[in-house]
Amino acid sequence: MYATNTVNSHQRPAFEGTGATPGVHDISMSEVFSLSEFTQSVEVALGQLTEYLADDSIRGLALTEPKVLMTQAKRLMTDGIEDTDPVSREQKLKAILELYIKTGIQVHSPGYMGRQFSGVIPLAGVVDLVNSIVNQPSSFYEAGQLPNVVERLMAKELNQYIGYEHDNYAMVTTSGGSLANMTALLAARNKRYPGFWSQGSYAVDGPGRPAIAVNGESHYSITRAAGILGIGEMQVVRLPSDGQGRIDIAQVEPALAKAREDGLDVFAMVAAAGTTSMCAFDKLDALAEICQTRDIWLHVDGAHGGSLMLDESRKDKLKGIEQADSFVWDGHKMLFVPAMCTMLFYKDKANKNLAFSQNASYVFEKQEDMYTEFDSAQGNFECTKRPLIMNLWVCWAIYGKAIFERKVTRLCDLAVSAYEMLSNLDDFEVIHRPEANILCFRYMPDYLAKHDIADFQLMLRNETKAAGRFFISKVNIDGVTALRVVFMNHEITMTHFRMLLQELRQTGQQWLEYQNLQSNKVALLGS
Ligand SMILES: *Cc1c(COP(=O)(O)O)cnc(C)c1O
């Protein structure tokens with residue numbers, strides 16, 4: 001052992017040794033890790049970010065061709081000599097950050113109405129810088145003491161809204177809502193089939209094949225989880241919808257009975273709070289009642305809409321949440337912190353360690369002590385894990401909860417105002433009264449023929465996106481494409497929304513002129 005080490009230290013390349021001369025083109029180790037290098041780069045970043053945040057122009061997305069961007073990026077890579085010169089390094093960093101910022105969706109601009117990640121509370125971004133420098137991977141208490149303690153504090157804060165029994169719930173952070181959905185379903189599966197973890201599907205000796213029943217509009221991570229967990233996509237029962245994106249309560253019992261007849265053993269139900277397309281909220285209290293009588297695990301995917309609990313006038317949409325066995329909530333959606341920050345709650349803390357029923361003696365202690373009791377690794381998939389809770393907790397600690405409550409209310413109110421505006425316009429069709437901050441609609445001018453409706457919406461969305469001022473999304477509703485806006489930014493006002501509608505009208509007009517031109521050409525050719 002000792003001898004091997006000696007040999008290695010002889011063979012170690014010279015540049016790793018302390019007294020060695022670096023190659024002519026190599027920057028020295030001490031320079032890379034120096035304080036001056038750090039402060040200089042922070043200054044560069046600070047300058048760029050300040051400029052970025054100060055930019056209040058209306059803009060969405062400027063899409064660059066990947067090959068062009070690749071060339072630009074490649075040009076910025078180290079090629080030797082010039083990089084020992086700190087001035088040129090600074091310039092290079094500046095150019096890299098410029099390129100990074102310029103090619104992003106401007107999430108804090110009022111033109112950004114397209115996706116569910118938000119313009120971030122700047123302080124949360126500052127915390128992420130600190131997270132990266134102090135590097136405390138937080139699956140284990142000893143590596144991330146404060147993050148692991150804070151998870152409990154934050155869980156308690158948020159449980160004020162959920163209402164789980166005060167000493168019996170548990171929360172674990174995961175890298176995203178998709179992983180949290182999978183983790184919760186894994187816990188549910190292992191609870192119903194205790195041998196599944198070690199024996200695989202051989203452990204299933206009951207009357208039916210393992211199955212889950214879901215809101216038909218549920219996020220794709222649910223069926224993906226079914227694939228991963230050995231349930232199989234074919235065993236995902238899509239519960240009938242009430243036409244508004246919610247599970248039709250009256251049809252749940254019949255659907256479950258039919259599933260049983262078909263040889264399925266539904267062990268978990270996934271309800272939406274809310275759905276990705278329209279942000280519709282399932283009736284959780286009614287579903288909880290059904291699940292309890294049938295011994296079905298109720299999982300609520302509240303990645304986006306869980307935050308509506310912070311809005312006094314809308315918290316009723318999650319009535320019954322305290323009866324859910326598990327509940328996913330993304331901080332990086334409507335709690336306005338950067339990706340990522342996801343929390344998975346369990347009603348019963350005993351279920352937290354069910355998902356990963358594995359023993360790994362080198363990390364998991366058989367006998368917990370007061371430190372290891374705070375390890376989260378048993379309950380989350382990750383081994384090395386970002387200290388996911390920190391960006392949310394620091395903002396919560398410093399600004400208080402009221403700022404989050406106000407922002408959620410503001411964004412949902414904005415969607416209602418937009419809905420009301422559209423309802424009064426003859427050339428627009430509004431699809432639903434929004435329950436949250438997502439609104440779907442279609443532009444339907446007089447000149448539009450019925451068979452063109454879907455393609456026309458798609459064209460509007462793509463042209464608007466390409467124009468770069470407003471970034472909106474599209475969604476398929478009842479088989480027909482619709483436009484979709486997501487209000488994630490409190491700087492958006494009705495003036496901006498009116499501007500968007502004006503832009504849609506103009507784009508439609510241009511399309512019409514182009515169509516007319518084409519048919520005139522055809523007519524001319526024909527004559
Ligand atoms: C965003 C979202 C997810 C996925 O969460 P990620 O954090 O993006 O992995 C799942 N379900 C719903 C309803 C969502 O809105």
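This is a predicted model: local features need pLDDT of at least 70, side-chain atom pairs count only at pLDDT 80 or more; totals for chains, interfaces and linings use all residues.
## Overall build

The protein has 527 residues, and 47% of them count as buried. Its secondary structure comes to 16 helices and eleven strands. Along the principal axes, the C-alpha atoms fill a box of roughly 85 × 65 × 50 Å.

Among contacts with a separation of 6 or more, 73% join residues 24 or more positions apart. The protein exposes about 27100 Å². Carbon and sulfur atoms supply 55% of that area.

## Nonpolar cores

In soluble globular proteins, nonpolar side chains tend to be buried together. Here, the largest nonpolar core has 100 residues. Those with the most contacts inside this core are Met-269, Trp-329, Phe-345, Phe-441, Phe-487 and Phe-497. Helix H14, residues 402-423, gives the most to the core: ten residues.

## Ligand site

The ligand is surrounded by 14 residues. The closest are Gly-177, Ser-178, Asp-301, Asp-330 and Lys-333. By class, the shell has one nonpolar, ten polar and three charged residues. Helix H8, residues 177-192, provides the largest share of the shell, with three residues.

A polar backbone atom of Gly-177 is 2.7 Å from a ligand oxygen. For Asp-330, an N or O atom in the side chain is 2.8 Å from an oxygen atom of the ligand. His-332 places a polar side-chain atom 2.9 Å from a ligand oxygen. On its own, the ligand has 380 Å² of accessible area, and the protein covers 86% of it.

## Helix H13

Helix H13 spans residues 390-399. Which of its residues are buried? They are Met-390, Asn-391, Leu-392, Val-394, Cys-395 and Trp-396.

These buried residues pack against helix H6 (122-134), helix H7 (145-162), strand E7 (342-346) and H14. Just after H13, Gly-400 takes a positive phi of about 85°.

Terms used
Residues are numbered from 1 along each chain as its sequence is written. Side-chain values use heavy atoms; hydrogens and water are left out. A nonpolar core is a set of buried Ala, Val, Leu, Ile, Met, Phe, Trp, Tyr and Cys residues joined through side-chain atoms within 4.5 Å. Buried means under 20% relative accessible area, exposed over 50%, partly exposed in between (1.4 Å probe, protein chains only). Helices (H or I, at least four residues) and strands (E, at least two) are DSSP runs, numbered from the N terminus. A residue is near a molecule or strand if one of its heavy atoms lies within 4 Å of it. A polar contact is a pair of N or O atoms within 3.5 Å; within protein, one must be able to donate a hydrogen and the other to accept it, and residues adjacent in sequence count only if both atoms are side-chain atoms. Accessible areas come from the Shrake-Rupley method with a 1.4 Å probe; for residues, only the protein chains shown count as cover. Ala, Val, Leu, Ile, Met, Phe, Trp, Tyr, Cys and Pro count as nonpolar, Asp, Glu, Lys and Arg as charged, and the others, Gly among them, as polar. Contact means heavy atoms within 4.5 Å.
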